[in-house]
Amino acid sequence: TTIDILKNTLASGEDVLISGFGKFRVKQKTERKGRNPVTGEDLQQPARRVVTFKCSGKLRERVNVR
């Protein structure tokens, strides 16, 4: 259920903050030039939305404890 809520919220373009864990954000990428590495053919990458994650300071501290 939690994952479904997360997916639906991100699909609607809203950010999701999980306190003590981190923040999921939806960012807009602009259209850009690309190249097919196999054929070398130039192509245009369409604009798209991507999900990014930034972990909280508390999570970063716990991961870096030795």
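1. **Ground rules.** Residues are numbered from 1 along each chain as its sequence is written, and side-chain values use heavy atoms, with hydrogens and water left out. Because the model is predicted, local features need pLDDT of at least 70 and side-chain atom pairs count only at pLDDT 80 or more, while totals for chains, interfaces and linings use all residues.

2. Strands here are DSSP runs of E with at least two residues, helices are runs of H or I with at least four, and both are numbered from the N terminus; two strands pair if DSSP finds at least two bridges between them.

3. **Strands 2 and 5.** These two strands run antiparallel and are joined by 8 bridges. Along this pairing, Val26 stands opposite Val51 in strand 5.

4. **The core.** The largest nonpolar core has 5 residues: Leu6, Leu10, Val16, Phe24 and Val26. Such a core is a set of buried Ala, Val, Leu, Ile, Met, Phe, Trp, Tyr and Cys residues joined through side-chain atoms within 4.5 Å; buried means under 20% relative accessible area, exposed over 50%, and partly exposed in between, with a 1.4 Å probe and protein chains only. Helix 1 (2–11) and strand 2 (22–29) are the elements that give two or more residues to this core. Leaving aside neighbours within four places in sequence, Leu6 is in contact (heavy atoms within 4.5 Å) with Val16 and Phe24.

5. **The aromatic rings.** There are 2 aromatic pairs, counted when ring centres of Phe, Tyr or Trp (its six-membered ring) lie within 6.5 Å, with planes under 30 degrees apart called stacked, over 60 edge-to-face and the rest tilted. Phe21 and Phe53 have ring centres 5.4 Å apart and planes at 45 degrees, so this pair is tilted. Phe21 sits in the loop between strand 1 and strand 2, and Phe53 in strand 5, 32 residues apart. The rings of Phe24 and Phe53 are also tilted, because their centres are 4.7 Å apart and their planes at 45 degrees.

6. Phe21 is partly exposed at 36%, and Phe53 is partly exposed at 38%.

7. **The hairpin.** Strand 3 (residues 32–35) and strand 4 (residues 42–45) pair in the antiparallel sense over 4 bridges, with Gly34 opposite Leu43 in strand 4. This hairpin has 6 residues between the strands, and Gly40 takes a positive phi near 80 degrees.

8. **A residue on the outside.** Ile3 is found in helix 1 and counts as exposed, at 55% relative accessibility.
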